[in-house]
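I opened this notebook to record what I looked up in one structure. The entries follow the order in which I worked.

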Amino acid sequence: MDVSGEQQTGVKHGISKVQLAPATEGGRPIDVRALDLHADEPADHLGPNYCGECYGPPAPATASKPGCCQTCEEVREAYASVSWAFGKGEGVAQCEREHYSEKLQAQRDQGCRIEGGFRVNKVVGNFHIAPGRSFSNGMMHVHDLNNYLDPSQGDHTFTHQIHHLRFGPQLPDDLTNKVGGKTMGWTNHHLNPLDNTEQVTTDVAFNYMYFLKVVSTSYYPLGWKSKGHSADQGDSSDLVSIGQHGLGQDGSLETHQYSVTSHKRSLKGGSDSQEGHKERLHAV
């Protein structure tokens, strides 16, 4: 979402979700495909005259059959259109037919790793990671957290680790090894401050926020002279791999540095006394 509140849904990206085994099993990767809980099973076998009930709300505009909810996904879309929490689909014929609740239960103790990159305009904005089905309600982007905040369904937390986060191409390893590491303060400008960041919580309703200041940075070899072919010049920029814009064939590198300020709080409200700031109070 950019600074104007507009949701950027058509960005070019190469993001994938890695399905992880439970932490008790070592958290090993299980699958590198998207965790698709909401894949529609064809309803053709139900007959051409079948019109599934939407259980209250009107059928979504994207329904495969106007005025009907043929699949569990379409029932969920209908609920999202009126901002109703959906739950596990008990009593919904389409969801019971597609074993939606069983699919949720099978993945309840698993984790997820998001990897890849995406391309956005250079404007103020934000990206977020949250569980649950996302939908738009007016100018608001919200998630259905009903299944995740239910204490009877186990504890879901946002304990997480950021392995790597950068904006633009990275300096080659041979150069970074010459420049230095984090122990040498004046040479850490090429490092990403959020790399290997880990946050742990036992609160199921907890929010982590990272505020980043991103600035453009150019690297040029000694004696460099522009030869007129940067990786992001001309109409062929869409052909450049994601994350590789700025790599010049003449040895130049156009990338970005960033600084970060982090903040965390419980969505249940209360003070930040555990963080040493009891004067800070948060509303629910």
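**Entry 1: disulfides.** I began with Cys 72 and Cys 95, which form a disulfide with sulfur atoms 2.0 Å apart; a disulfide is a pair of cysteine sulfur atoms within 2.5 Å. The link of Cys 72 and Cys 95 is right-handed, with 85° about the S-S bond. It joins distant parts of the chain, 23 residues apart: Cys 72 is in helix 1, and Cys 95 is in helix 2 (residues 93-97). Helices (H or I, at least four residues) and strands (E, at least two) are DSSP runs, numbered from the N terminus.

I noted the ground rules next: this is a predicted model, in which local features need pLDDT of at least 70 and side-chain atom pairs count only at pLDDT 80 or more, while totals for chains, interfaces and linings use all residues. Residues are numbered from 1 along each chain as its sequence is written, and side-chain values use heavy atoms, with hydrogens and water left out.

How many disulfides does the whole structure hold? My search found 3. In Cys 51 and Cys 68, the sulfur atoms of the disulfide are 1.9 Å apart. The torsion about their S-S bond is about -100°, so this disulfide is left-handed. Both cysteines lie in the loop between strand 3 and helix 1, so the pair ties together parts that are 17 residues apart in sequence. Cys 54 and Cys 69 form a disulfide with a sulfur distance of 2.0 Å. Here the torsion is about 100°, so the disulfide is right-handed. Counting bonded cysteines along the chain, I read the pattern as 1-3, 2-4, 5-6.

**Entry 2: burial of the cysteines.** I used these classes: buried means under 20% relative accessible area, exposed over 50%, and partly exposed in between (1.4 Å probe, protein chains only). Cys 69 is buried at 0%, and Cys 68 is buried at 3%. Cys 51, by contrast, is partly exposed at 42%.

**Entry 3: the core.** Which residues make up the largest nonpolar core? I listed 11 residues, among them Cys 54, Cys 69, Cys 72, Cys 95 and Phe 86. Such a core is a set of buried Ala, Val, Leu, Ile, Met, Phe, Trp, Tyr and Cys residues joined through side-chain atoms within 4.5 Å. Helix 1 (72-81) and helix 3 (100-106) each supply at least two of its residues, and helix 1 gives the most, with 4. Leaving aside neighbours within four places in sequence, I found Phe 86 in contact (heavy atoms within 4.5 Å) with residues including Cys 72, Tyr 79, Cys 95 and Asp 144.

**Entry 4: salt bridges.** I counted 5 salt bridges, each a side-chain nitrogen of Lys or Arg within 4 Å of a carboxyl oxygen of Asp or Glu. One of them joins Glu 73 to Arg 76, with the closest N and O atoms 3.1 Å apart. Both residues lie in helix 1, 3 residues apart, about one turn of the helix. Glu 73 is buried at 15%, and Arg 76 is buried at 7%. Another salt bridge joins Arg 113 to Glu 115 at 3.4 Å between the closest N and O atoms.

Entry 5: Last, I examined an open sheet of 3 strands in the order 3-2-4, with antiparallel pairing. Two strands pair if DSSP finds at least two bridges between them. Strand 3 (29-31) and strand 4 (111-115) stand at the edges with a single partner each, so one side of each is left without a neighbour in the sheet. Strand 2 (residues 16-20) pairs with strand 4 over 5 bridges, and Val 18 has Arg 113 in strand 4 as its bridge partner.
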